Amino acid sequence: MKTFQFQKLVTFVGIILFIIKLIAWHITNSNAIFSDTMESIVNIIAAFMGLYSIHLCNKPRDTDHPYGHGKVEFVTSGIEGMLIAMAGILILIEAISSLINGIQLEKLDWGIALFGSTAVVNYAMGYLSCQKGKKENSLVLMSAGKHLQSDTFATSAIVLSLVLVHLTGWQWLDPLIALGFGSYIIVIGGKIVRKALSGIMDERDEALFAELVTILQANRKTEWIDIHNMRIQQFGAHLHIDAHLTLPYYYSLKEAHQEMEKVIRLLAEKIERTIEFNFHLDYCKPFSCEICTIDCKFRQKPFVQIVQWEVKNLAGVAKHRKE
């Protein structure tokens, strides 16, 4: 199933689950169920935004968007996080009001049965969404999947708490449960916003960057004197990698280009993402002789040591020197 079609399924299921939760809240008057129902509204809005963002991401790049439209995923994900946090605030307000004014719960047995059934479906959809998102490198599906799975654990906790209320008759527990849940989803919303902002601002993905460095170090060639000023940008499922590659100064343009192509092919084969490369070629300087093992007639300084490629020196702007 294509990403867009899967997101349509997530949206449809979200609407059905919202209706079930709405019925459960209506027959029980439970603040705890109300809190989860409020969050389901956010899920539906987020699902529609996800559909729109996936539609945009699939559009080819144009003159106005030379890097494509993938950044929209971070925008919609950030809006989703803010809506989740706002829903949490509304839940806190309603729960505090109920604690002050009191609440009368009804038909908890039916409400618990209806409400509990949504947890099973939510988890299944969340798991499938995460798996699909990882396969397609879609932030929208991965965010939605994690969100749905976190909903499941929260819903399960609410179900258990409502069972306790039903057995004990302690109705004051219901708004307390809602207070806890509201606080929890405010934290979740904040984390989603943080993740989205990091993507919009091109914050470095440490795990991905470290993976690239490991690949280059394990497969480095003698001719690749150093790689530095490496940067990564993410656009939906696509990556854009910039880097400076230092090669022997006496290489012809054709030879230098061939070495650059070797680096590009290496990364393209090892990383299961669509990657666009922009490599800048540098020629070696006299100080490069001290870290270069090439036996050439143009050597001006004796070899001293190999510089191991690590995150710090590949991310650095300067050409590599002996330590």
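The side chains of Asp 242 and His 240 form a polar contact at 3.0 Å. I begin with that pair, and I note at once that the model before you is predicted.

Asp 242 belongs to strand 2, which covers residues 238-247. With a relative accessible area of 13%, Asp 242 counts as buried, because the cut-off for that class is under 20%. If neighbours within four places in sequence are set aside, the residues in contact with Asp 242 are Asn 229, Met 230, Arg 231 and Asn 278.

I turn now to Ser 30. This residue sits in the loop that joins helix 1 (3-28) to helix 2 (31-57). Is Ser 30 buried or exposed? Ser 30 is buried, and its relative accessible area is 0%. A polar atom of the Ser 30 side chain lies 3.2 Å from the backbone nitrogen of Ile 33. Again leaving aside neighbours within four places in sequence, Ser 30 is in contact with Trp 25, Leu 105, Leu 162 and Asp 174.

Finally, the surface. Which residues form the nonpolar patch there? They are Val 75, Ile 79, Met 82, Leu 197, Ile 200 and Met 201, and together they have about 550 Å² of accessible area. Helix 3 (72-101) and helix 6 (173-200) each contribute at least two residues to this patch. Helix 3 provides the largest share, with three residues. Met 201, by contrast, is placed in the loop between helix 6 and helix 7 (206-218). The relative accessible area of Met 201 is 67%, so this residue is classed as exposed, the cut-off being over 50%.

Technical notes
Residues numbered from 1 in each chain as written. Predicted model: local features only at pLDDT ≥ 70, side-chain atom pairs only at ≥ 80, totals over all residues. Heavy atoms only, no water. Patch = residues over 30% accessible without salt bridge, like charges linked within 9 Å, V, L, I, M, F, W, Y side chains within 5 Å. Areas by Shrake-Rupley, 256 points an atom, 1.4 Å probe, with all protein chains shown as cover. Salt bridge = Lys/Arg side-chain N within 4 Å of Asp/Glu carboxyl O. Helix = DSSP H or I, 4+ residues; strand = E, 2+ residues; numbered from the N terminus. Buried < 20%, exposed > 50% of the residue type's maximum accessible area, 1.4 Å probe, protein only. Polar contact = N/O pair within 3.5 Å; in protein donor to acceptor, adjacent residues only side chain to side chain. Contact = heavy atoms within 4.5 Å.
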